Amino acid sequence: METPVRKRKSFSSQEKLYALDQLKKGKQQTQLARDLGINESTLQGWKKEEKLRSLPRILENATGLQRKKVKFANDERLDSALYQWFVHAHSEGVPISGPILKAQAEKFDRLINGNDSKFKASNGWLDRFKKRHAISQVLVSGEIRSADKEAANSYPIELNKLLEEGCYTADQVYNCDETGLCFKMLPDRTLATKTDSHKREGVKQRKDRVTLLLCVNKSGSHKLRPLMIGKARSPRCFHHVNMKALPFEYTNSKNAWMNRSIFEDWFHKTFVPAVQAHLRKLKQEGKAFLLLDNCPAHPPAENLFSRDGKIKVCYLPKNTTSEIQPLDQGIILVFKQNYRREMIKRMVADNNSSVDTSLASLNLKEVCHLGGKAWDAISARCIERCWIKGLGPAFPSSTYDDGNETSLNLQD
């Protein structure tokens, strides 16, 4: 009868450290080896590995301690100093690339080992350092690290007092914000077979851009007609077109960006009449409150009020946009996702053209119609949830069944 082959078992660094701690606390080596299903000689070998004791310091995150094998640095002082610098710099929001890490390593080496050291931070050394500390490259985006957390936390309470003093309803509180739209840019992710050797190869992206001004009220009952800002004063595609019938308004500036003149014109000629008409329809008093961020393109608050003084603006605290502005909590994101979907549908429907030809033929008139569908697809529930996510304490009466704003499914 053949002796059954014993299956080899690998232990993570964390499990080895746990075993050593048990021995330190007085547990019998024989009993511990039996509990772990290993030979006493294996446990004895772990006791001799003095470097295991330094793992919690070297691998400061839980992911590193879960690994079965760990390759120690040749120079532990350099490795520790560089990792501590990396953690501190990253916590400050400093973007760190491979070349920066290598240059900093060589700087620390000269400080620790002197100018005569022959250490060179090669690409191989960098790869080993990143693997040892579970470091990977990520795409940095957004403004979260620049946000004033204290102001963002206190402002909803202040806003609640303003709304209660003015007796504003959810239909009378608005927010607007600008966003750039690269209207010919394709998604940066694709499906591909594992055997496709060209699966990561892409095409040059078209970066034709316009600025959009989006505006909604808190209840989601009113989505204003978006304003599109392009570079051309009178694009050819708009010739002989009834501009009032388009889903978007259109204006222009030299660089297709918002400026104070355009915003003030939009406020008085579009926002105020549209809000007054909407509130008349709901049989509510014609007063409203527009929340704005501190963009330099927005005029002072004293220039933005209706003739009767019932419609006015209020600026959010500086550096709080990413934290509390409702449109930045998911409404703009959902709009852009919807737009990309509509653009892809158009390309698929254009059977006789290549992708490049189809994108080249996409003009601003079509962007208005695609964007109109994307804007219409955003539900009132999605809008209200984004308001609660950003400014929840300002609206204590607004509740949801799940009671968890951070996990809201925006695309209902």
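Author: Welcome! A word to start with: pLDDT is the predictor's confidence in each residue, from 0 to 100. This is a predicted model, and pLDDT stays under 50 over residues 54-68.

Reader: How many contacts beyond four places in sequence does the model have for residues 54-68?

Author: A contact here means heavy atoms within 4.5 Å. Although pLDDT stays under 50 over residues 54-68, the model still has contacts for them beyond four places in sequence. Their number is 43.

Reader: Thanks! And where in the chain is confidence highest?

Author: The chain as a whole averages a pLDDT of 81, and 77% of the residues score at least 70. Confidence is lowest in helix α4 (residues 55-58), with a mean of 44. At the other end, with a mean of 97, stands strand β3 (residues 227-230).

Reader: Let's stay with β3: are L227, M228, I229 and G230 buried or exposed?

Author: Two of these residues, L227 and I229, point one way from β3. M228 and G230 point the other way. Whichever way they point, all are buried.

Reader: Which strand pairs with β3 in the parallel sense?

Author: Strand β2 (residues 209-217) pairs with β3 in the antiparallel sense over three bridges, so β2 is ruled out. L212 stands opposite M228 of β3. In the parallel pairing there are four bridges, and the partner of G230 is N252. The strand asked for is β4 (residues 249-252).

Reader: Why does E342 count as buried?

Author: E342 forms a salt bridge with K345, with the closest N and O atoms 3.8 Å apart. Both lie in helix α12 (residues 331-349), three residues apart, about one turn of the helix. K345 is partly exposed, at 48%. Buried means under 20% relative accessible area, and E342 counts as buried because its relative accessibility is 14%.

Reader: Finally, how many salt bridges does the structure hold?

Author: One of them joins E285 and K310, at 3.8 Å from N to O. E285 is partly exposed at 41%, and K310 is partly exposed at 36%. Counting salt bridges over the structure gives seven.

Definitions and conventions
Residues are numbered from 1 along each chain as its sequence is written. This is a predicted model: local features need pLDDT of at least 70, side-chain atom pairs count only at pLDDT 80 or more; totals for chains, interfaces and linings use all residues. Side-chain values use heavy atoms; hydrogens and water are left out. Helices (H or I, at least four residues) and strands (E, at least two) are DSSP runs, numbered from the N terminus. Buried means under 20% relative accessible area, exposed over 50%, partly exposed in between (1.4 Å probe, protein chains only). Two strands pair if DSSP finds at least two bridges between them. A salt bridge is a side-chain nitrogen of Lys or Arg within 4 Å of a carboxyl oxygen of Asp or Glu.
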